[in-house]
Amino acid sequence: MTIQGFNINALTASAVPLDHYHIVITYTKPHKKYIGHKYSNWNTIYSAKKKTKSTFSKSVTWANSLTGNVSLSKGKLTALLGFNVTRSDTVTINVPFSFNGKYRQKVQYRKRYRKYKITRIEYLKIVGSSTQKKHLKAFAYKYDGVVSRVVRDK
């Protein structure tokens with residue numbers, strides 16, 4: 001039998017049935033750490049072989065997200081991070097570009113997210129037996145705009 005990822009069967013110190021154990025689960029205070037940026041894949045929005053200078057506008061949908069589990073409610077997670085991990089929206093981006101006309105070029109953009117690592121420790125105490133600990137971690141991503149570039153098109 002497994003509770004929150006802990007193996008109860010490994011605790012074979014006595015022959016007392018499992019339903020007679022008193023189980024207490026506690027957690028340390030969660031900790032967040034900014035660890036850099038994460039980027040989506042490049043998206044091409046315009047390609048041409050002509051000398052031109054302009055700005056391209058496009059609607060882009062983004063979404064904050066969370067991977068992993070640190071056993072926090074959405075409200076407590078939002079308070080810890082300072083942003084809602086389930087928020088999403090659509091924005092219009094303006095990408096200025098300049099083509100030299102010598103060869104085919106393309107305008108690309110990608111979404112940028114601020115990446116945070118969230119950690120805490122979960123303790124499982126079985127009264128009359130032992131304590132086990134499990135390191136929990138998750139990664140949260142907050143939308144932070146777009147990055148654009150002009151590159152040669154093959």
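Modeller: Let's start at asparagine 41, which is exposed, with a relative accessible area of 65% (exposed means over 50%, buried under 20%, partly exposed in between, using a 1.4 Å probe and protein chains only). Before going on: this is a predicted model, where local features need pLDDT of at least 70, side-chain atom pairs count only at pLDDT 80 or more, and totals for chains, interfaces and linings use all residues. Residues are numbered from 1 along each chain as its sequence is written, and side-chain values use heavy atoms, with hydrogens and water left out.

Asparagine 41 sits in the loop between strands S4 (31-39) and S5 (43-48); strands are DSSP runs of E, at least two residues, numbered from the N terminus. Setting aside neighbours within four places in sequence, asparagine 41 is in contact with Tyr109 and Arg110 (heavy atoms within 4.5 Å). Its C-alpha atom is 7.8 Å from that of lysine 111, 70 residues away along the chain.

Now the charged pairs. The whole structure has four salt bridges, each a side-chain nitrogen of Lys or Arg within 4 Å of a carboxyl oxygen of Asp or Glu. One of them pairs arginine 112 with aspartate 144 at 3.2 Å, N to O. Arginine 112 is in strand S9 and aspartate 144 in strand S10, so this pair ties together parts 32 residues apart in sequence. Arginine 112 is partly exposed at 22%, and aspartate 144 is partly exposed at 26%. Elsewhere, salt bridges that share partners join Arg104, Lys106 and Asp153 into one network.

Definitions and conventions:
Helix = DSSP H or I, 4+ residues; strand = E, 2+ residues; numbered from the N terminus.
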